[in-house]
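Look over the sequence and the structure first, and then work through the questions below one at a time.

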Amino acid sequence: MMKHRLNRLDRAARQQPQRAGALPALLVWVLTLATACGSAPTRPSAQPPKPAVAQAMPAVPALRPTPAAAPVAALPAEPPEPAPPAVAPPTPDLALATESAGVAARFPDPPVRYRTPAFEPGRSGYTSNAELHALMRALVRDGQGAANPTTVRLLQLGSSQTGMPLEALHFSRDPGPLAGSGLTASPSRPVVLLVGQQHGDEPAGSEALIVIAQALAQEPAAGQAPGGLAAVLDRIDVVILPRANPDGSAVDRRATASGIDMNRDHLLLYTPEAQAQAQLVREFNPAVVVDAHEYAALGRYVEKFGAVQRFDALVQYAMVANLPEFITKASEEWFRRPMLQALHAEGLSSEWYYTTPTDVANKKVAMGGVQPDTGRNVNGLRNAISFLVETRGIGLGHAHLQRRVHTHVTAIGSVLNSAAARADDLRKLRRFVDADVAAKACQGETVIEAMATPTEYSLLMLDPLTGADKPVAVAWDSALELLPVKRRARPCGYWLGAGQADAVRRLRGLGVQVQRFDEAGALRAEAYTETAREVGARADVRGSLTDGGGLLRVRVSLLPALLDIDAGGYYVGLDQPLANLVIAALEPDTQNSYLANRIVSSVNGVARVLQRPEARMSPLP
Ligand SMILES: [Zn+2]
């Protein structure tokens, strides 16, 4: 296993608050980043994603909004009152799969009652794909000149692997650019993107996003000033993709139909489901993204720790190498703190997101991964404020579903309110960060790989029988402070050979700007030489990922070179806002790289460019 060397100067530098003088006034935070603890350098649990099953990435079509249909005034008929909460029966032993009455009593139903189809009496399943499709269509409306000024458009993003429609809703009260353009975002307002059910067996996020969508479309109450959640639309646009993985949802399964976990696919874009999300992000350029999941309440935690999970919500924002510091600060101060307050005001508990490997012998607990593969981290590298919110749900069936949905509605509602309150700040922050990232091309160093900080933590859990609080001391990988494992000088950009069209297609799918050389020339560059290779399986904080194997791990050395290039090759400059995503994809010796995942065919097909090319280039359209 490779040796992880800590660079103490690097770490010290990362802990220094940024000097205020260099920043726009609004960005001067009185700021204490919540960082964790001392470090006891041991080793990280390995990370990331999934390989395999290369599906050709189709050319990415433009979004096709449906014309805002004639006003559909009425909300979908509300189903009747839900059945009483289905509390699991008590279990005398420490069953892995069932919640005891003592534990269940810790999670009473909230005072509100939600009425999505999942709550119809007698239902054991959740809102079906067909029901969701109908509910979304029923919300489509044209707000132009209407008493309710909200326009709701259905965005068709293609089809899942089994042909189910992938659909999102766009909510806007921006009177300007939507009219007649058939287009996407209103440029004047920040966009918040809400994503549900990337994992098919985590239904609460999807049910909550139905609730949020209906609330956003709501008419203001007659005779009253517009209030409620829909008022956020006076400051922001909202895009909702309530069910990112309809195939998994249809069979209550985590992965997509091919077995690929789409939430490890946001850099590679193998699946049409991840491509659809990339398309949404590319076209709407959201300032904030929330990804709604659920976590396993029982199962391996009982086996490992003799305890069950305690928290209503586990929350984490993007934590990945090269994430702009001000994205982290805004995530913490503008969003996470108000979110925790909102949850606690509703009697809902929260903790950082964490997970534990599937291997029962490995008792390490880790915060969410630090690799550039999940939606949370990839959207962070797009300079969005990017949150993961997980409710206590997997393995519970319908138990506590009202509470789980309420937890998501509360957390996401807080994000929407924070985004609306900070709309001007968000736009300024994004402009600053985009420019700052682009300005770093050709300068300084960049982190190629980083790891979480191994430490210890007292994790509050529950006694599986009585439901009493049970603190458990665990080995804990903290993602709050990343330790650089490998660093390199930050190049001006990357050259890709003419044969690397697949990599170019995927980069463009992410929204990266790529240019093609119109003529031959020479580049001052660093060429990679492969010094070792092995084929392995992917690893993740959850353990090994089983989708395919065949990950190519190479070691490389760098050689300065004057590279003779032909016309037809590509230049991917780092002088663009998505530069950090480019580095994640193109430095070849990481497990998420396009080389490791056989998208780039050889280290000879890519090089680090050290000086802006002089040969004539044309941007790809
Ligand atoms: Zn999940």
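Q: Which residue of β22 stands opposite F517?
A: This is a predicted model, in which local features need pLDDT of at least 70 and side-chain atom pairs count only at pLDDT 80 or more, while totals for chains, interfaces and linings use all residues. Residues are numbered from 1 along each chain as its sequence is written, and side-chain values use heavy atoms, with hydrogens and water left out. Strands (E, at least two residues) and helices (H or I, at least four residues) are DSSP runs numbered from the N terminus. In β22, the residue opposite F517 is M617.

Q: Over how many bridges do β15 and β22 pair?
A: Two strands count as paired if DSSP finds at least two bridges between them. Strand β15 covers residues 515-517, and its pairing with β22 is in the antiparallel sense. The number of bridges is three.

Q: Which strands stand at the edges of the sheet of seven strands, and why is one side of each left without a neighbour?
A: This open sheet has antiparallel pairing and runs in the order β19-β16-β21-β14-β20-β15-β22. A strand at the edge has a single partner strand, so one side of it is left without a neighbour in the sheet. The two edge strands are β19 (551-565) and β22 (617-619).

Q: By what angle are neighbouring strands of this sheet turned against each other on average?
A: Axes are lines fitted to C-alpha atoms, for helices over the stretch in contact, and angles run from 0 to 180 degrees between N-to-C directions. For this average over neighbouring strands, however, direction is ignored. The value is 30°.

Q: Which helix lies across β14, β16, β20 and β21?
A: The strands concerned are β14 (493-496), β16 (521-536), β20 (570-573) and β21 (606-609), and the helix runs at about 45° to β14. The helix covers residues 579-586 and is named α13.

Q: Which strands are at the edges of the sheet of four strands?
A: This open sheet has mixed pairing and the order β9-β10-β13-β12. Within it, β10 (residues 365-367) and β13 (residues 469-489) pair in the parallel sense over two bridges, with A366 bridged to D477 of β13. An edge strand here pairs on one side only, and the two are β9 (354-355) and β12.

Q: How many bridges join β12 to β13?
A: Strand β12 (residues 445-462) and β13 run antiparallel, and M451 stands opposite L483, while A450 stands opposite P484. The two strands form a hairpin with six residues between them, and in the turn G467 has a positive phi of about 80°. The number of bridges is 16.

Q: Is the crossing of α8 and α11 left-handed or right-handed?
A: The axes of α8 (residues 325-345) and α11 (residues 423-439) come within 11 Å and cross at roughly 165°, and the helices are therefore roughly antiparallel. A crossing is left-handed if the near helix is turned anticlockwise from the far one by less than a right angle, and right-handed if clockwise. The crossing of α8 and α11 is left-handed.

Q: How many nonpolar residues has the contact of α8 with α11?
A: Contact means heavy atoms within 4.5 Å, and here F326, I327, A330, W334 and F335 of α8 meet D425, L426, L429, F432 and V433 of α11. Ala, Val, Leu, Ile, Met, Phe, Trp, Tyr, Cys and Pro count as nonpolar, Asp, Glu, Lys and Arg as charged, and the others, Gly among them, as polar. The contact has no polar and one charged residue, and its nonpolar residues number nine.

Q: What is the average pLDDT of the protein chain?
A: The score called pLDDT is the predictor's confidence in each residue, from 0 to 100. Over residues 1-95 it is below 50, and where pLDDT is low, the predicted coordinates should not be read in detail. Of the residues in the chain, 79% score at least 70, and the average is 85.

Terms used
Parallel < 35°, antiparallel > 145°, perpendicular 65-115°, else oblique.
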